[in-house]
Protein chains: 2
Amino acid sequence: MHVTIDAERLWESLMAMAEIGPTQHGGSCRLALTDEDAAGRRRLIEWCEALGCTWRVDRVGNLFIRRAGRRDDLDPVATGSHLDTQPRGGRFDGVLGVLAGLEVFRTLDERGIVTERPLELVVWTNEEGSRFAPAMVASGTYAGEFSVESTLAREDRDGVTLGAALEASGFAGGMAVGEPRLDSFFELHIEQGPVLEAAGESIGVVAGVQGMRWYDVSLDGQAAHAGPTPMRLRRDALAAAARLIDRLQSHALGDARGDTKVTFGCLDIVQGSRNVIPGETRLTVDLRHVDETELDALEQRFERELAACGEVFGVTTRFERIWKSPVVHFDAACVEAVEAATRTRGFSYRRLLSGAGHDSVYVSRVAPTAMIFVPCRDGISHNEAEYASPEHCARGCQVLADTLLARANGYATEAL
Amino acid sequence: MHVTIDAERLWESLMAMAEIGPTQHGGSCRLALTDEDAAGRRRLIEWCEALGCTWRVDRVGNLFIRRAGRRDDLDPVATGSHLDTQPRGGRFDGVLGVLAGLEVFRTLDERGIVTERPLELVVWTNEEGSRFAPAMVASGTYAGEFSVESTLAREDRDGVTLGAALEASGFAGGMAVGEPRLDSFFELHIEQGPVLEAAGESIGVVAGVQGMRWYDVSLDGQAAHAGPTPMRLRRDALAAAARLIDRLQSHALGDARGDTKVTFGCLDIVQGSRNVIPGETRLTVDLRHVDETELDALEQRFERELAACGEVFGVTTRFERIWKSPVVHFDAACVEAVEAATRTRGFSYRRLLSGAGHDSVYVSRVAPTAMIFVPCRDGISHNEAEYASPEHCARGCQVLADTLLARANGYATEAL
């Protein structure tokens, strides 16, 4: 069974959604559970109700829009993402995954196709974390990572709880969190990185998510006057930090497969002064790898190098691991289904692991999951300049349609 | 002719001066031309008047206290330093040089010795630069580096001019700046570094001052999400800065003579965030060397390494040299006189170049000059914990006495 999605209609719906909460430079601002976010959701519901879909909202505001199947006693095959944005976000991050689901529904509707399993289009609440920390809190609650009570009690900067914001938005639902169970979940998303664009590929078959670990590092040496203090008597905290950074950068760059990532996002010299040797330096470290064992080894290398750099420069070092997110492997059958659909369509693609977090990470704990990436210009997201071409959006949506259809009808995507 | 200074009396005068503007943890606060600074000067004047000395003040507040010689038509042999301190300064920085001069006067007085040339004890105004920038502004004015008008117009943080502060302090003198001409100038000072202490030496024979150059560096790469951005597609401004720092540190540490110094005192990541690759980094660079030609080469190496690091990491680099202070060589005969006096006394010593600026740097432009250093504990100064032992203060004062006496009487210090 072949269906072809309508690329132009998909683009029009993306542009129409972007008119809700527009920003000065062409982006979108729909912070979670604000009037704009609620208006975006209502627009989506109107579009879906016109297709005869029904919808429910769970207690943390996750919105489930169902397209009935022949066997409504079976768990639905689901897709979706989020409609909330960063304060100055783009038109594609999250939105594409939701409106591609809508486009699949519309395509099936005009062809009069009813799938065996029902389909479910999900809008997860507060994915961005810009209004309520942490990010992905509502898909995390769905997956059992957070309690409903703790999620409802999260506060924004003005002290408004997520629960109160839900009530105000009209999206405080009554469905138990964790309902409905999903047969599977497929999320289309922009890559938010430069890999596909650089390789000239249309589709990323996302097999999982990199493991990540965060550290706070402190280096304590001895502040001293730059003029009279000989190099060999110094205890320069910045010198030790710089060597650590350079060593780990070199190590990561030396990984020919490109699976190792190290990032030092913040570095502060305590009471730094132009002619004073830095006595105290603070540093953040972000280590990522696609393989958990290799990530362990990377962590050990970091510890070793830190100790060695401290030793060489006479600097006392300490570190604390403040966050650890293991490597996530998506469901093999789901990933294979996406890859087969992509291959069948003849789209250039690669398998990859997501470097960023997504709702799919939590959902994958309770349902077989995979993701589909499409390139975005210059790898830029969380920015009004975020852009994915109509062609790439359409290809991603087509792969999603083929994958959902095959899964919901119980045949392999190769058979399309 | 032998004289022996009174170590105990010197120490008592140091401790007495520290009672003017005491700080909580045993240091001193006598910011330039405040009531405390003026009280310190008046105390010194009282002590000197008791010895029959006369005094004059020039238009920028430099205080000249004269001990008459047999030939008052000749230019005086001078010593001195400063009495102003940092906001939480110590009891020795500057003060030792002034009170050692007083101790020499007292020693000569009790022995009834009149030198051939007159002696002059000088207190330079605002050496620290803590109240009025820049440091050493009044000795600089004496040496012709700054005009009297510009110096009097310098403002402190409250908008009070140096001229107004002089009037308020009672030390707005009438003597032309540049008067009196000096036969020579010898300044005793704590080292403000760890070299002498580490080597177990009592005296530093200061042959000059290192050259120094200051730079502002900016590195512009591309901020991007740490997760999805492969190492090879990054333009990490901090990575480039870290390599630059490590390369130049290694170069300086590789200088077996220890003549090369590099310091990176400030480093800022613009809008740094834990999981964002640094797009923009600012860095200060302080390069020092005892040899001007080698300092030129060091500057060229810095430029080369900066360009290379930028190239490797795809980062645009810019730098601006914001200050250049050439290597200063003190007068060979004056340095030799100090060394001969030290040797004759049998004190352990080394010749060295000062890493910090001193009034002597400016004075050396208009009069033959040398300096004497004594060790200070842990190399610490500009700090309430600053400490020089009574023995070291006494040895420095003894070398100063011998040197002044020889110079003022026209014989070599070896002949003492």
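Which residues of α1(B) are buried? Before the answer, some housekeeping. This is a predicted model, in which local features need pLDDT of at least 70, side-chain atom pairs count only at pLDDT 80 or more, and totals for chains, interfaces and linings use all residues. Residues are numbered from 1 along each chain as its sequence is written, and chains are lettered from A and ligands numbered from 1 in the order in which they are written.

Now the helix. Helices are DSSP runs of H or I with at least four residues, strands are runs of E with at least two, and both are numbered from the N terminus. The buried residues of α1(B) are Leu10(B), Ser13(B), Leu14(B), Met17(B) and Ala18(B). Buried means that 20 or more other C-beta atoms, placed from the backbone, lie within 10 Å of the residue's own; exposed means 12 or fewer, and partly exposed is in between. The face turned away carries the exposed residues Glu8(B), Met15(B) and Ala16(B).

What do the buried residues pack against? They pack against α2 (35-49), α3 (95-111) and α12 (390-409) of chain B.

Next, the two chains. Their contact takes 49 residues from chain B and 49 from chain A, where contact means C-beta atoms, placed from the backbone, within 7 Å. On the side of chain B, α8(B) gives the largest share, nine residues.

Methods:
Two residues are in contact if their C-beta atoms, placed from the backbone, lie within 7 Å.
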